[in-house]
Amino acid sequence: MASSFKLLSSLTTIILILFASLCLASTAPSRRGTNSPPFKKIYAFGDSYTDTGNTESSTGPNGFTYVSNLPYGSTFFHHPTNRYSDGRLVIDFVAQALSLPFLPPYRDKKANKSSGVNFAVAGSTAIPHEFFVRNNLTLDITPQSIQTQLGWFDKFLKEKQGCGGAAVKPSCTFDDALFWVGEIGANDYAYIIGSSMPGSTIQELGIKSITSFLKALLRKGVKYLVVQGLPPTGCLTIALALAADDDRDAIGCVRSVNNQSYSHNTILQAKLHDLRVQFPHAVIVYADYWNAYHTIMKNRDRYGLREPFKACCGSGGDPYNFDVFSTCGSSSASSCPNPSHYINWDGVHLTDAMDKAISSLFLQGGFCHPSFDYLLSRKQHHV
């Protein structure tokens, strides 16, 4: 009996202690950021892999003039959104992971841009467009480059935020903004296909322009910056359809094209290292698109991606369902019933399922260097 009383007394004491602790916890001020997104805004840049609507059917790349029509946007949004995919892009998954709304395109004058803006443009190049015009290499109607997007960003800051220019005002800091630079440069290499222009020239000028762009952002006081490298562009349907059959690597992609992308990324990473030294206040992350894509290619079953090369939406049938003169959305093209099983959407761009897999490897899979968790940790400790 006595032992039972002691046990009951002990339990009562424990309950009272727990209750008191809960009361204290409920009245204590919560840590900032516990229930709020780590960033208040995202600013994005890049090409069609990141563009959420700055181009449409009449203003985008010549070969893909149906982006404003179904079946683009059919699987997630259930209507076209001027994204070059059946659904979301990597930047959309990034926004969702950070509990922020999808980024509106800069050119949408009516959009709510309080949570960020997307300046990416389909067909955009790293090298200014005038270079391609001067060398008679223009196969595209998109005149914008990454430098154009920088100009748009400056204009946005000046007109909408009262900021802009090289000087940084106390009221125009970017402490709560994530800057995401999607892949840029693939179009530059595409422009010189069939020409005598050396790929090394494009690489040198492209990396120089990208580095200049990144420096301009960092000089404005940008603190959190993610820069995607190029994907293995030799794995895209268009590359496979145009290359010789004997130009293949170990995973069946176009060896020469993949080597070009890999070399580009190696130099880009060296430049990012230099920028980290030059701007120690900033967290500069490299998103390893090439190896993330390569990893998915070698482990497709894990992601439910059964078809590595064939375009889901296109024409021409096997082996690639791709005809550059009759692309996705045209009258003779059709869309597969199960895009989630495909990597390639329209022969150049990726499916919602592939973008989801890529973004998961960026955000949780260790394919960001330093890791995305490290960036979030730095942000948390800064706050």
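1. The structure holds three disulfides, a disulfide being counted here as a pair of cysteine sulfur atoms within 2.5 Å. The model is a predicted one, in which local features need pLDDT of at least 70 and side-chain atom pairs count only at pLDDT 80 or more, while totals for chains, interfaces and linings use all residues. Residues are numbered from 1 along each chain as its sequence is written, and side-chain values use heavy atoms, with hydrogens and water left out.

2. One of the disulfides joins C235 to C253, with an S to S distance of 2.0 Å. This pair links distant parts of the chain, 18 residues apart, with C235 in the loop between β4 and α7 (237–242) and C253 in the loop between α7 and α8; helices (H or I, at least four residues) and strands (E, at least two) are DSSP runs, numbered from the N terminus. The torsion about the S-S bond of C235 and C253 is about 100°, so the disulfide is right-handed. C235 counts as buried because its relative accessibility is 0%, and C253 counts as buried at 0% relative accessibility, where buried means under 20% relative accessible area, exposed over 50%, and partly exposed in between (1.4 Å probe, protein chains only).

3. C313 is buried, with a relative accessible area of 1%, and C328 is buried with a relative accessible area of 1%.

4. On the overall fold, the chain has twelve helices and eight strands, and of its 383 residues 52% count as buried. Of the contacts in the chain with a separation of 6 or more, 72% are accounted for by residues 24 or more positions apart, a contact meaning heavy atoms within 4.5 Å.

5. Helix α8 (residues 255–278) has 24 residues and reaches 35 Å from its first C-alpha to its last, close to the 34 Å expected at 1.5 Å a residue; the expected span is 1.5 Å times one less than the number of residues. The buried residues of α8 are N258, S261, H264, N265, L268, L272 and L275, and they pack against α5 (186–191), α6 (199–219), β4 (224–228), β5 (283–287) and α9 (289–298).

6. The largest pocket has a volume of about 1,000 Å³. On a 1 Å grid over the protein atoms alone, a pocket is an open set of points with protein on both sides within 12 Å along at least five of seven lines, a cavity is a set of points where a 1.4 Å probe fits but cannot get out, and lining residues have an atom within 4 Å of a point. Grid points are joined across faces, edges and corners, and a volume is the space filled by probe spheres set on the points. The largest pocket is lined by 31 residues, of which A190, Y191, I193, I238 and V348 lie nearest its centre. Helices α5, α7 and α8 each supply at least two residues of this lining, and the largest share, five residues, comes from α5. By class, the lining has 19 nonpolar, nine polar and three charged residues, with Ala, Val, Leu, Ile, Met, Phe, Trp, Tyr, Cys and Pro counted as nonpolar, Asp, Glu, Lys and Arg as charged, and the others, Gly among them, as polar.

7. The structure holds three cavities of 30 Å³ or more, and the second largest cavity has a volume of about 40 Å³. The residues that line the second largest cavity are S48, Y49, Y84, L89, Y289, H349, L350 and D355.

8. Some backbone details deserve a look. A cis peptide bond joins L70 and P71, with omega about 15°, and P71 is found in the loop between β1 (41–45) and α2 (90–97). H78, which lies in the loop between β1 and α2, has a positive phi of about 65° although it is not a glycine.
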